[in-house]
Amino acid sequence: MTSPATRHPHVGAYLAELTDRLAGLDATGREEIVADVLDHIAGETARLGHPPSTTEIDTILAALGEPAVVAGATPVPAPELPGRPTMAIACGVLGALAFPALGVDALLPALLAAAALLAAVTGMLLDRRNRIAYAVAAAVAVVGLGLAIALWYFWLPVEHVQVDPSGLVGTPIDG
Amino acid sequence: MIPTTDAVLEQLRRGTLEYVVLGHLEREPSYGHDLARTLGAHPMLLGSQGTLYPLLGRMRAQGWVETYLRESTAGPARRYYRLTEDGRAALAAFREIWATYSAGVDAGLTPSRT
């Protein structure tokens, strides 16, 4: 709902700050709260029966409460299930154990990097609150994995390694 | 440390206000602004009128209320809130608990006459 009153700069500033403070909500939830607040302001100004003065607008906004207070009453995001970072690390450890169990005799650095990547990706999926940190960890793990594979292919003397056609297994020939 | 009146009220509102809203909506579906005015008549219930709207959002996310648009003679269609079956059940459960709970609180708070 728009009216001259709801286009008042103080209203605009109030709604802008409220929108900013509701940034943690999904777009639909945020828009609905802001729309309800805007309707409220329009309703209050309509009750006055005349175009509101700036003082009256300020009174209406004061009754609504500071944007920080209104935003503070927003639904608290569902708490992350406990142990999710632990779960991510556990996935990484299990991944590290799974490689040898599957018979993949990869280099230790590659194994560790792959496990770290698995843990980071699991963390990104499970622990959304820290997903940026997990994304960085995943990127580091990818770089590490790449370096480990490069090390394996280019640094180890080829004549001393019997390479499996899959490219994943390297067995020293001459011990 | 002695808690301020606002701090005590905030704690009390946190556990009860949504059911008060459900009670109002059980009587009749309501437009957010009307609901804010009704609750705002009891300053103990609603400190800042604006805090009602996030609460309504949470109740909608919980499936306790739903919204629909109703034409208004005063302007564009308004979004009204009404109870869902889950909201009705939540209110009934709270009423049952509240009767006993509030009696216990009253009994506990009654000053001794000795």
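This is a predicted model: local features need pLDDT of at least 70, side-chain atom pairs count only at pLDDT 80 or more; totals for chains, interfaces and linings use all residues.
Figure 1. Of the contacts (heavy atoms within 4.5 Å) in chain B with a separation of 6 or more, 51% are between residues 24 or more positions apart. Chain B has 114 residues, and 39% of them are buried (under 20% relative accessible area, with exposed over 50% and partly exposed in between; 1.4 Å probe, protein chains only). Its accessible surface is about 7100 Å², 55% of it from carbon and sulfur atoms (Shrake-Rupley method, 1.4 Å probe; for residues, only the protein chains shown count as cover).

**Figure 2. Secondary structure of chains A and B.** Chain B contains four helices and three strands, in the order α-β-α-α-β-β-α. Helices (H or I, at least four residues) and strands (E, at least two) are DSSP runs, numbered from the N terminus.

**Figure 3. Surface and burial in chain A.** Of the 175 residues in chain A, 33% are buried. The accessible surface is about 10400 Å², with 69% belonging to carbon and sulfur atoms.

**Figure 4. The largest nonpolar core.** This core (buried Ala, Val, Leu, Ile, Met, Phe, Trp, Tyr and Cys residues joined through side-chain atoms within 4.5 Å) has 39 residues. Val37(A), Val21(B), Leu22(B) and Leu52(B) have the most contacts inside it. Leaving out residues up to four places away in sequence, Leu52(B) touches Val21(B), Gly32(B), Leu35(B), Ala36(B), Leu39(B) and Leu46(B).

**Notes.** Residues are numbered from 1 along each chain as its sequence is written, and chains are lettered from A and ligands numbered from 1 in the order written. Local features need pLDDT of at least 70 and side-chain atom pairs count only at pLDDT 80 or more, while totals for chains, interfaces and linings use all residues; side-chain values use heavy atoms, with hydrogens and water left out.
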